[in-house]
Amino acid sequence: MAAIAAILSSIPSSSSSSKFSKFQSHPSAPPPCRVVCRGGSQPPPPVTTDFQFALHDALDSSGINTTHAREARQNFMSQIKRLSSIEREISISINRRVDLAKTALYIAAEDDSLISHSSVALPVDAFIERLDDLSMGFCTNNSSALKSSPEMLLDSLEKFLYAKKGFRRSTMKSRLEPRSLYLHSVLTHRSGSAVMLALIYSEILKTLRLWSLLDFDCEIFFPHDNHGLPKGYHKQKSKESDHQHILTSLTLLEKILRSLKEAFWPFQHDHTKSLFLRAAHAADCVDISKTFEGSGAQLASAKAAQHRLDRGVWTSVHFGDMRRALSACERLILLESDPKELRDYSVLLYHCGFYEQSLQYLKLYQEKGSSLQKQASNKLSSLEEDAVEKLMIRLNLISMEEGWSKPSHVRNFLGNNSEPW
């Protein structure tokens, strides 16, 4: 802390010295900047939702404790509750209302609880401290850059983050590996997806701005290719083409959750199809004569995925994880940005045997996504809507059967703990 105070005191400023007095605390006290950056550790207010999700209740009914998962979900909702229509479109480099780092860690905490069944929750605050330590480390080692031009400051930040600290973008082969998709794993292993690296970059910028060390309009260039790294630039000197590379708060959360949804989708065959069509194909809701030609290996993969689910195997190496796929779908629905998430959630519930909830969410999709259905002009969209109709017919037929809402195999399906993780 003394080093930070020395750096700050050496930077010319027209502001009074009291602005940085918070950094000059007693050595035994916890670093005050962490309190200032994150707003303390008070529990979030309860958040209510009209959506009745299936995952946590189903796990509870099978004897699996979801206390930590529910707490993480509640914390996640308390953050996205602050996403106003304006805040959704604000760049992550200037976002202030939503703590995006904590939100990402709450996502990780819920999924960690779902797969580990641990009695101890993921230590979110400990990983927040790691982020704060990164910011302090940059200030300590780059005091001259803090007083230089915007370009030199950003160049020093990128050398610090990507060279000195060794953060790197995950390779194509490991792009969908869990450790590259969760913030706590990226902070530990220093390898992650582009969206995770952009989040870490934005957190350092936020801290520098909080300490009044960033006096220019800085933006983050988010790469859309498979190799680029997120980098900062002076917005006043930007080109018009740079605007399409700005990452908003909503887009960042969508990318995090959709990456998880794709990585853990239980039907990993035929990547030419959408996630929904893969699941619909496995449920025989797709007319094969109208779809893309599938190889024998793809058909076998679909049948194998369904067989695993029928036996109660939630996850298999490189073949998805139903719990985390459901969890990602539920959180995407809470963001309320795309009605198709309701449809995708419905087809997963169908495979789980939750026919009543599956029908409810499919109807909700048809209500909210009616405009999308009318615009379904390309071949893929038409195939998806045909599959929706077939799934709807099947669910309506099942609903006529007595006891349809409580299939006998669900308890064994959820309670099976033989997953090979």
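Buried means under 20% relative accessible area, exposed means over 50%, and partly exposed lies in between, with a 1.4 Å probe and protein chains only. This is a predicted model, in which local features need pLDDT of at least 70 and side-chain atom pairs count only at pLDDT 80 or more, while totals for chains, interfaces and linings use all residues. Residues are numbered from 1 along each chain as its sequence is written, and side-chain values use heavy atoms, with hydrogens and water left out.

Salt bridge count
- A salt bridge is a side-chain nitrogen of Lys or Arg within 4 Å of a carboxyl oxygen of Asp or Glu.
- The count by this rule is 19 salt bridges.

Helix 3 to helix 4
- Asp57 and Arg70 form a salt bridge, with 2.7 Å between the closest N and O atoms.
- Asp57 is in helix 3 (residues 55-61) and Arg70 in helix 4 (residues 67-80), so this pair ties together parts 13 residues apart in sequence; helices are DSSP runs of H or I with at least four residues, numbered from the N terminus.
- Arg70 also meets Asp60 in a salt bridge at 2.6 Å, N to O.
- Asp60 lies in helix 3, so its pairing with Arg70 in helix 4 ties together parts ten residues apart in sequence.
- Relative accessible area is 46% for Asp57, 34% for Asp60 and 33% for Arg70; Asp57 is partly exposed, as are Asp60 and Arg70.

Helix 10 to helix 14
- Lys261 and Glu341 form a salt bridge at 2.6 Å, N to O.
- Lys261 in helix 10 (residues 249-264) and Glu341 in helix 14 (residues 340-352) are 80 residues apart, so the pair links distant parts of the chain.
- Lys261 is buried at 4% relative accessible area, and Glu341 is buried at 3%.
- Salt bridges with shared partners join Glu254, Arg258, Lys261, Asp338, Glu341, Arg343, Asp344 and Glu384 into one network.

How values were computed
Helix = DSSP H or I, 4+ residues; strand = E, 2+ residues; numbered from the N terminus.
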